[in-house]
Amino acid sequence: MPKDNFVTITDVQAAQARLLGIAHRTPVLTSRIVNDRTNSQVFFKCENFQRTGSFKFRGAYNALAQLSPAQKQTGVLTYSSGNHAQAIALAGQLLNIPTTIVMPDDAPTVKQTATRSYGAEVILYNRQTTNREELAQNLASDRHLTLIPPYDHPHVVAGQGTAALELIQEVGELDLLLVCCGGGGLLSGSAIATKALLPDCKVIGVEPTLADDATRSFHSKTLQTVKNPDTIADGARTPSLGQITFPLVLRYVDDMVTVSEEAIVRTMFFLWERLKIVVEPTGVLAVAALLEGVVTAPQAKIGVIISGGNVDLAQVGKLFSQC
């Protein structure tokens, strides 16, 4: 089977059934100010209100729920800067599966604390000197744990796609869907769901300009990488798209764009101040592309996925002082 067929709308729908009553059906917010500013009708799918504070819970639970009894008993391991870490930890707690998380030692304190609070063992590493994938693979092998990567896994992708599926089920037809991109799990899953239900809806992925590996990969059709990008959007510091997500992005996504660090901060401030919601830097990437005019679609019906809200509140004052 070709890699870009690893995940289908049937998988996303099965994930939705699996998540029913467990994951939150997150709210969809609208804003007259945003509609006036963009001359369009905008619907924000607010995954910052999801369990563990991000969309990542969808894919984590969907993946862990499908493990064999033996795999569940032995436990799982993953690597993550924070949101997938928390999601795996909570999913493991709910399913009674031991979890071990490899996290960078500079991951936001709020994410490290939350991950431990769900009962996970956290192993810290220095991102400047250590390859997290190699460390995780070695630990998983030594401890006989099942490795559940943060994005490059078909069950994770299918689970993430339920965010877009819910949005479309609630608001109906869309002309455009904007989705943030780190490793491409949310983007590819959302694009699969969108293209199956709304073939004419354009799907655009959004990255930080400082971490533009997926954008370069999309336009060159060759997998590109970036090493430890210095972006405040910590969820987008992934080195590259994955072996599963890259073909899916090429097949189902219409375009990729990037936004500056300044645009990310301005958009965070706007959403906190005007929509009264707590959103993290990675969570506003898709919104930034729209509000900063990187993507324009006047008179269109636009869906925007706000991916998460796990921001370190101690750092917010420093960020917003730039506005």
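In the predicted model, four strands form an open sheet with the order β5-β4-β3-β6 and parallel pairing. Strands here are DSSP runs (E, at least two residues), helices are runs of H or I (at least four residues), and both are numbered from the N terminus. Two strands count as paired if DSSP finds at least two bridges between them. The edge strands are β5 and β6 (146-147), each of which pairs on one side only. Within this sheet, β3 (residues 76-79) and β4 are joined in the parallel sense by four bridges. Leu 77 stands opposite Thr 100 in β4.

Residues are numbered from 1 along each chain as its sequence is written. Because the model is predicted, local features need pLDDT of at least 70 and side-chain atom pairs count only at pLDDT 80 or more, while totals for chains, interfaces and linings use all residues; side-chain values use heavy atoms, without hydrogens and water.

Helix α5 lies across β3 and β4 and runs at about 170 degrees to β4. Axes are lines fitted to C-alpha atoms, for helices over the stretch in contact (heavy atoms within 4.5 Å). Angles run from 0 to 180 degrees between N-to-C directions.

Helix α6 (residues 109-117) has Lys 111, Gln 112, Ala 114 and Thr 115 as its buried residues. Buried means under 20% relative accessible area, exposed over 50%, and partly exposed in between (1.4 Å probe, protein chains only). The four lie on the same side of α6, because they cover an arc of only 165 degrees around the axis. This arc is taken from the directions between the helix axis and the C-beta atoms. Thr 109 and Ser 117, on the other side, are exposed. The buried residues of α6 pack against α5 (83-95), β4 (99-104) and β5 (121-125). Gly 119 follows α6 and has a positive phi, near 95 degrees.

Strand β2 (residues 41-46) is mostly covered, with five of its six residues buried. β2 pairs with β1 (residues 28-29) in the antiparallel sense over two bridges. Leu 29 has Phe 44 as its bridge partner in β2. β2 also runs parallel to β10 (residues 301-306), joined by six bridges. Lys 301 in β10 is the bridge partner of Gln 41.

The largest nonpolar core has 78 residues, of which Phe 44, Leu 178, Leu 271, Ile 302 and Val 304 touch the most other members. Such a core is a set of buried Ala, Val, Leu, Ile, Met, Phe, Trp, Tyr and Cys residues joined through side-chain atoms within 4.5 Å. A second, separate core of 23 residues includes Ala 60, Ala 85, Leu 90 and Ala 120.
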